[in-house]
Amino acid sequence: MSDQIKFIVEKLNKEPFKKNYNLITFDSLEPMQLLQVLNDVLAEIDPKQVVDIREEMPDQTAKRMLSLLGILKYKPPGNATDMSTFRQGLVIGSKPVIHPVLHWLLQRTNELKKRAYLARFLIKLEVPAEFLQDETVADTNKQVETVQNHQRMFKIARQLRVEKEREEFLAQQKQEQKNQLFHAVQRLQRVQNQLKSMQHAAADAKPESLMKRLEEEIKFNSYMVSEKFPKELDNKKKEMRFLQKVVSEPAMGHSDLLELEAKINEVNTQLNQLIEKKMMRNEPIEGKLSLYKQQASIISRKKEAKAEELQEAKEKLSNLEREVSMKATQTREFDGTEVLKGDEFKRYVSKLRSKSTVFKKKHQIIAEFKAEYGLLQRTEELLKQRHENIQHQLQTIEDKKGISGYSYTQEELERVSALKSEVDEVKGRTLDGMSEMVKKLNSLVAEKKSALAPIIKELRQLRQNCQELTQECEEKKTQYDSCAAGLESNRSKLEQEVRGLREECLQEESRYHYTNCMIKNLEVQLQRATDEMKAYVSSDQQEKRKAIREQYAKNIAEQENLGKKLREKQKTVRESHGPNMKQAKMWRDFEQLMECKKQCFLKQQNQTSIGQVIQEGGEDRLIL
């Protein structure tokens, strides 16, 4: 079981899963997380299985996974009773059920991918029961393989699928080309806007101002190229080298961190000592140079800040120009016109003014026509009334004479005879035209037949050639697929070997760096020990004093003397503690006594200020 989990963790940490598990973290996964891992592996085999199981019911998840495992020909261990246990374990995310499934899937991922892809075309279609009640549908469902020309139908279906895939590919290419065309149009509009602005600036500006502007742009670009960009590039390179160094070094423990902190503290103390020495020297030349350096650094920082502001302003200007061009394209798409600028707008305004004058003249003419039209309408109404009166008088005269309706009948007869003559003429022309058209169509059909006869013969030959070439193409395709499958398996094996060798190389490289660092640390410690031994063994007393042992011995002696003095002081304090406390109590009592006398004196002073007390015969008398 441990080998099985180890294999699963190893496969899940590689492409395309990249789970970054170890044995402990994988074994401590919750049932829901374990089911999600199984679903991710199934989704790698069949992309239709990409589902977040938290958003799906457990029964649906189990049904979906069981159907795919059935298509992939997975056989759970045990008999029928174990099968129900397998289903239940798949629902609740049981480790004894899911671990073997993951092990089986990860062993043959590429083979299962091909099987899942082909299963779409090989699985029998499930026809609903209400449709199977029809005898024709039921017979067809039972006799699919016995249908005539079923191979040809399969072939046509395959060609249809290929053409649909090709159609999707062409549609995608068309969309990409549309996007490229849109971007190209935007670039063209942006360049045209820049060209117009430059032409406008060149038309209005003088050669001196143009030269000055070009010099400023050249200075700015040269500063950006020679100073700003190299600094940024160096900073990025330093940061990258530092990060590479950090990545290449092995993981550090607590002892290594303590050692680094000690080194940092030591370097900081040395730096502070050097700064104090430099301040003690107080050289005036260096002070002036430091002042100049500070001014130069301030100026360079200001220069960099202004350059960044200018760069931001240029980017903002380019964004605004891009937005203006997009608005112009939207306006052009909306009403088919462009947004006018500068001289074009002035010309448009003058043209609009001239058109407004023409419009006023035309409007005046239309008003005159409307007035004349009103007069004509009134004249027409008057004439109609007069005609009606005349018709009424004519009808009364016909009634008197006994021939009422004569004029109306005469007009109707004339009108019908005129219509009949027109219809006869149209019929004659239509029959002649139809006969001529039939003759022309017959002649055209004969000509087309004679012209298409050799083409039909060639088409038959081409169809036969097409069938032969299609058959040959299918054979070549099967050969290609088999060869591609073999090459793919070899490539996957080589990739696995290369990946293993790379990991081994990285491990060896990290081990080398760790060993190198340990050797350097040991060399430093050995050098310290050698210097200590040289200083300790040396006959020179001054060198001996520099030795760490001598310094520690001196510090120990000083601390021992200090402790001895403190112990003596403590003894003296203990001996004099009792008398000192007694003396302090006596002083406190003395202070209370003096305070009491003070209060009594103040009270006596207050009484003498009010009156005089006289004692006579053993009695006290107050005299005011």
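**Close-up 1. Lining of the second largest pocket.** By class, this lining has 16 charged, 8 nonpolar and 6 polar residues. Ala, Val, Leu, Ile, Met, Phe, Trp, Tyr, Cys and Pro count as nonpolar, Asp, Glu, Lys and Arg as charged, and the others, Gly among them, as polar. The model is predicted: local features need pLDDT of at least 70, side-chain atom pairs count only at pLDDT 80 or more, and totals for chains, interfaces and linings use all residues. Residues are numbered from 1 along each chain as its sequence is written, and side-chain values use heavy atoms, with hydrogens and water left out. H15 gives the most to the lining, with 9 residues. Helices are DSSP runs (H or I, at least four residues), numbered from the N terminus. A pocket is an open set of points on a 1 Å grid over the protein atoms alone, where a 1.4 Å probe fits, with protein on both sides within 12 Å along at least five of seven lines; lining residues have an atom within 4 Å of a point.

**Close-up 2. Salt bridge between Lys19 and Asp40.** The two side chains meet at 2.9 Å, N to O. A salt bridge is a side-chain nitrogen of Lys or Arg within 4 Å of a carboxyl oxygen of Asp or Glu. Lys19 is in the loop between helix H1 (2–12) and helix H2 (23–27), and Asp40 in helix H3, 21 residues apart.

**Close-up 3. Salt bridge between Lys585 and Asp589.** Here the N to O distance is 3.5 Å. Both residues lie in helix H18 (residues 577–610), 4 residues apart, about one turn of the helix.

Definitions and conventions
Helix = DSSP H or I, 4+ residues; strand = E, 2+ residues; numbered from the N terminus.
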